[in-house]
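Have the structure open while you read.

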Amino acid sequence: MNYLKSEEIMELFQNRLGKQAIIDSRIETKIAGIKKNTYQVIWIGVKPNFFKEAVKILVELHYPHFAIISGIDIDKEIELVYHFSIYYGEKGKEISINIFTFLSKDNLNIPTITDLIPGAQTSERETKEMFGVNFEGLPSLPNLFLPYDFPSGVYPLRKDEKGVGVKVSEGDEVKKGE
Amino acid sequence: MMEVSLLEIIGRIIGAIIIAFIGIVVGLFYKGLDRKLAAKMQARLGPPLRQPFLDFFKLMIKENIVPENAVPWIFNGVPVLTLVSALTILFYLPVGSIPPLLSGYGDVILIIYLLTLPAIGMVIGGFASGSPYANVGAQREMVMMMSYELPLVTTVISIGWKLSQVYPQINVFSLEVINNHPIWGLVGPLGFVGAIFLLLTLAVVTPGELSKIPFDVPEAETELAGGLLVEYSGRNLALFSLADATKTIVMASLTIVLFFPYNISPLFHLSGFLAIALDTLFFLVKLFLVIFIEVTFIRVAVARFKIDQVSFAYWVPISLMGLLGLVLIFLDHII
Amino acid sequence: MSNKTYSIPIGPVHPSLKEPMTFHFEIYGERIEKVHLAPGDNHRGIEFMGRQRNPIQIIYLAERICGICSASHPFAFCQAVENAMGIEVPEKAQYIRAIIAELERIHSHILWAGVAAHELGFDSVLFLSWRAREEVLDLLEYLTGNRINYGIFMIGGVRRDITSEQITRIKKTLDYYKEIYGKLEDIFLNDPTIALRTKKVGILSKEEAIQLSAVGPTARASGLNKDVRQDQPYAAYADLEVQAITPEVYSGKVNGDVYDRIVVRLLEIVQSIQIIEQCLANLPEGEIVAEEKLVKLLNLIKKAQGEGIGRHEAPRGEVIHYVKLNQSELPEVWKARAPTYNNLMPWIPMLIGQQIADIPIVLASIDPCIACMDRVTILDRKSGQKNILTKDDLHKLSVEKTRRMAQ
């Protein structure tokens, strides 16, 4: 199999998506063991409207292993980090690829990737429940992790007024680092 | 017409009560032994021998819950039916040199019918309890019943047929008669092999009849959470546990009567009370061995089958084995 | 639901499940037509709790995500924080981490073997294999102080050293497992009843495994050559030759059924023993932690900015943790993903078309860890109202829900 180097993968993304689509990109090299072998982690930030295209490029490159979507509430935006890995199956060849994108809270819409990677359904549903992100094309299914009768419009992992605050139980003061 | 005196009837009734009581106590005791030995084989301590008794008393004081969507009279009636039919068989079983309390013309046929009654009872109870688990359990119990009946009947009929050929004048379906004429002495070498096949068949049918691993599909703890019995609690469950203990005794006794009816007293030229006592003791030892091999050992040594596998096993290999035994005994007779 | 099928609920409490999770099966006769998964019964809001803790405290929270993976989660979490901060872990610590992780794999796989046997109704094997598992638990207690929740991981290294006299004790345990491994293999791979119940049951094809992002032994049993220790070697694994184990090694072909999953797990026990031996043979000298003083470490964390992922091949599959630090004591975000999370979807193709009797073993075959998968929940509250519901409110809601369901 013909493996591309991390730099080449980055180039491929830049060429296919165009410069304006990419917010940020970097390659990290990590060292492990006595022999100081290395592995690489790629971070690519894309604009939401180019996101689906970025995943398509990845699928064409090598069907990726999808790990999870991490969501981060940053003031007016929600950042979604999709963790993928490609080129598994051979020693030391695997490259982790993290594609992140920022969604404005006024427009929390992102296309689903379940048509490309069906295994992403669980994670998309979780992100939908926890952050209120709407995945376009994801069938409307009952709550997966939250109770069925959970109030709508409350998203537990949001840090704003739509979240649940920091209070965990009655009489529990907000304490830091005990 | 037979003359029946009042005294005899009263005697029979008292005898029935005593036998039922002893049967249950022995059954529960053997259940305790079975659990203890299984535990030892699994390298653990296991419950004390009296655990089945404790379980029984505990269940008796527990609340008896009838599910909302169950049919109460069927739901409550089935445990009684099951226990009574299992106990009734006891009255037809000879113990050692003690003749059975009741005996008539078709004991064995009656026993086969009575053996299906608890199973049918449990099926009805399962359907009546309105739980999906019990429902599946009841369906499986029906399939099981249809599967193991043929090999069971083949075994019994073969022996009866052989007896009828040797002694045309006697009532061959009486257990007492079968008990007095061991099969091994009546057959030649070919028939001997046939009888061994029949014994094996019965040994495999027994765990099925008793719903023990590997044939415990109707109850299957990890699949159906108790299946048929899932909705039963308190007194009803206690009655089922008694019925199970009694059935174990019954099935093991059937094996003994059909294949190992020998007594130990003639060896010592004993007679009278001492002979009866010794034979009874010997019977209990045989009972223990049979239960140990047919129930305890098998259930420790294998995994649970699936219902289609159980059904296949009984319909094809086990039935064939039984029929082969029958054919061999037949060939032995005509040659 | 059509007239021909009927529905069976399994869970939240059921003998075949060791942890709460609900499944609704639609059954036709004995055959499964449809499966609905409803996890969430075991949510404890761990990621939410992590928001109020600093990374050093989170290690112990991560350890308690699951009792069995109590080395895997902190392993991945520490790696994520180290990657985010740019800390380099001393070589010896990397080796100790690998040793603990492999010991955990041995105990987890034997535990699974026992559970699988129980699901098949083969309780004798359950008792025997769990007895065999005690030895490695004793060793872990000897090395770390705890049977589970080892508390040995620290950001930048480990908290306890492995001394030369401890090495002899480890070798003794490895010898014990080498000795009994033959028996285990004989019981699981040669027993006719186990073969009868597990072959051609719960099949997951390789394509399905790839598309549904299956991980760990579940993926490898379907012939997917995937193991983080091999693909992206981290810590001490970078020095070792770790090969992802697929059933081909044993039987020459891949069926992707439950039997293959047993094969993979059993062979991984051997692999773990070999890895530990190699680690012991090459155990380097030196420091075991990059920054010994916790206050200083915490100050470093407070200054750090960056994000990192940590991946580790847990007994059940790949664990991935993502941490983002933002010059604060508390991490901006902490995301934990356990293997069962990804193995949730592969359950569906495995279960459809199987019999009711296969449900327990198929469910068990991915070695589910519901506690790992369900991590996030909060207490109920009405929208617009910041308070927690009182007991009376909850009671009222509960009664209402019961009525609603009864209709």
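Glu307(C) sits opposite Lys324(C), which belongs to E7(C). This is a predicted model, where local features need pLDDT of at least 70, side-chain atom pairs count only at pLDDT 80 or more, and totals for chains, interfaces and linings use all residues. Residues are numbered from 1 along each chain as its sequence is written, chains are lettered from A and ligands numbered from 1 in the order in which they are written, and side-chain values use heavy atoms, without hydrogens and water.

E7(C) spans residues 317-326 and runs antiparallel to E6(C), with 10 bridges joining them. Strands here are DSSP runs (E, at least two residues), numbered from the N terminus, and two of them pair if DSSP finds at least two bridges between them. The open sheet has 3 strands in the order E6-E7-E8 (chain C), paired antiparallel. Its edge strands, E6 (305-314) and E8 (333-337) of chain C, each pair on one side only.

Now for the meeting of chain A and chain C. Arg311(C) makes a salt bridge (a side-chain nitrogen of Lys or Arg within 4 Å of a carboxyl oxygen of Asp or Glu) with Glu94(A).

| Chain A and chain C | Value |
|---|---|
| Salt bridges across the interface | 6 |
| Closest N and O atoms, Arg311(C) and Glu94(A) | 3.0 Å |
| Area buried between the chains | about 5,900 Å² |

Buried area is the accessible area (1.4 Å probe) that two parts lose on being put together, summed over both. Carbon and sulfur atoms give 54% of it here.

How far can you trust chain C? Its mean pLDDT (the predictor's confidence in each residue, from 0 to 100) is 82, but over residues 376-390 of chain C pLDDT stays under 50. Where pLDDT is low, the predicted coordinates should not be read in detail.

Note on methods: Helix = DSSP H or I, 4+ residues; strand = E, 2+ residues; numbered from the N terminus. Contact = heavy atoms within 4.5 Å.
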